[in-house]
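Here is a short report on one protein chain. Keep the sequence and the model side by side while reading.

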Amino acid sequence: KPNYFPDLNYSIVGTSDTAIMGYQRLGKYQMIIKEDNQQDSTVFQRWGMSDTDGNVTFSVEQGIAGIGAISKHCFGILADEPLFLSRQGVQAITSNNIVAERTMRNRSFFVDSYLTTEEGLENAVACEWNGFYILCINGVAYVLDGKNKAYKERSIVANDFNYECYYWTNMPAVCLLSVNGELFFGTADGRICKFNTDIELLDKYSDDGKAIVASWATKN
């Protein structure tokens, strides 16, 4: 009954001093990601089961203290990996064994030197679109390419890689939405914009009627 919640049907997830930032699905588990406070657990997992009488119960398991989320609007799925934004960059949850040390892996290494120094990371927004994880903050976009992975040399860990990353300027998005393969974004001054997919001829190479500043460089 979605319109009725009993007053005792709640659970306390970790310490009340840290907020729940978002949820992700990993197999049969619901992953709960909290904000980072440097000492308490940041990732929990919840799963449901039925007893012999048909009653459904939910269990919550606490992980070790680790990296927490900084934005509530940067949770997404790329290449079947749950992603979220932390102060250290974009993190992936790679295992439901949340008591292990390598539950989370960094996926944005190539742009972290810029991304982690952006002001107001708590206001960043992101979504998955056409195999890309697009994260926008302060008028630019950090793009993780789910189709291209750079594996670390001499690593024996199967998931030890980073996504190829791109840096887009002139991206004044404060919200993002992917609908039927189309990428929409809203701006701070109230405009709703869409990436060109239906404009023909040379107009499709302009930005809302304005020329796009571009440069090319080739290797000597």
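The report covers a hairpin, the nonpolar cores, one arginine and the aromatic pairs.

The model is predicted.

Strands β1 (residues 20–26) and β2 (residues 29–34) run antiparallel and share six bridges. Y23 has I32 of β2 as its bridge partner. Two residues separate the strands of this hairpin. In the turn, G27 has a positive phi of about 65°.

V43 belongs to strand β3 (residues 43–50). V43 is buried because its relative accessibility is 5%, under the 20% limit. Leaving out residues up to four places away in sequence, V43 touches M31, I32, I33, Q62, G63, I98 and M104. T15 is 28 residues from V43 along the chain, and their C-alpha atoms are 12 Å apart.

**Nonpolar cores**

The largest nonpolar core holds 21 residues. L85, V90, Y133 and L135 have the most contacts inside it. Two or more residues come from each of β6 (81–86), β7 (89–93), β10 (132–137), β11 (140–151) and β12 (161–168). Beyond its neighbours within four places in sequence, L85 is in contact with residues including V90, L115, L121, Y133 and L135. A second, separate core has 14 residues, among them V143, M171, L183 and C193.

R107 lies in the loop between β8 (104–106) and α1 (112–115). Is R107 buried or exposed? R107 is buried, because its relative accessible area is 0% and the limit is 20%. Setting aside neighbours within four places in sequence, its contacts include E81, L83, V90, L144, N159 and Y163. F161 is also in contact with R107, and R107 lies over the face of that ring, 3.8 Å from the centre. Elsewhere, the charged end of K147 sits over the ring of F132, 4.5 Å from its centre.

**Aromatic pairs**

There are 10 aromatic pairs. Two of them are tabulated here.

| Pair | Geometry | Centre to centre | Angle between planes |
|---|---|---|---|
| F109 and F110 | edge-to-face | 5.6 Å | 75° |
| Y114 and Y167 | tilted | 5.8 Å | 40° |

Y114 lies in helix α1 and Y167 in strand β12, so this pair ties together parts 53 residues apart in sequence. Y114 is exposed, with a relative accessible area of 54%. Y167 is partly exposed, at 41%. F109 is exposed at 55%, and F110 is partly exposed at 41%. Ring pairs also link W129, F132, W168, F185 and F195 into a cluster.

Terms used
Residues are numbered from 1 along each chain as its sequence is written. This is a predicted model: local features need pLDDT of at least 70, side-chain atom pairs count only at pLDDT 80 or more; totals for chains, interfaces and linings use all residues. Side-chain values use heavy atoms; hydrogens and water are left out. Helices (H or I, at least four residues) and strands (E, at least two) are DSSP runs, numbered from the N terminus. Buried means under 20% relative accessible area, exposed over 50%, partly exposed in between (1.4 Å probe, protein chains only). Contact means heavy atoms within 4.5 Å. Two strands pair if DSSP finds at least two bridges between them. A nonpolar core is a set of buried Ala, Val, Leu, Ile, Met, Phe, Trp, Tyr and Cys residues joined through side-chain atoms within 4.5 Å. Rings of Phe, Tyr and Trp (its six-membered ring) pair if their centres lie within 6.5 Å; planes under 30 degrees apart count as stacked, over 60 as edge-to-face and the rest as tilted. A charge sits over a ring if NZ of Lys or CZ of Arg is within 6 Å of the ring centre and within 35 degrees of the ring normal.
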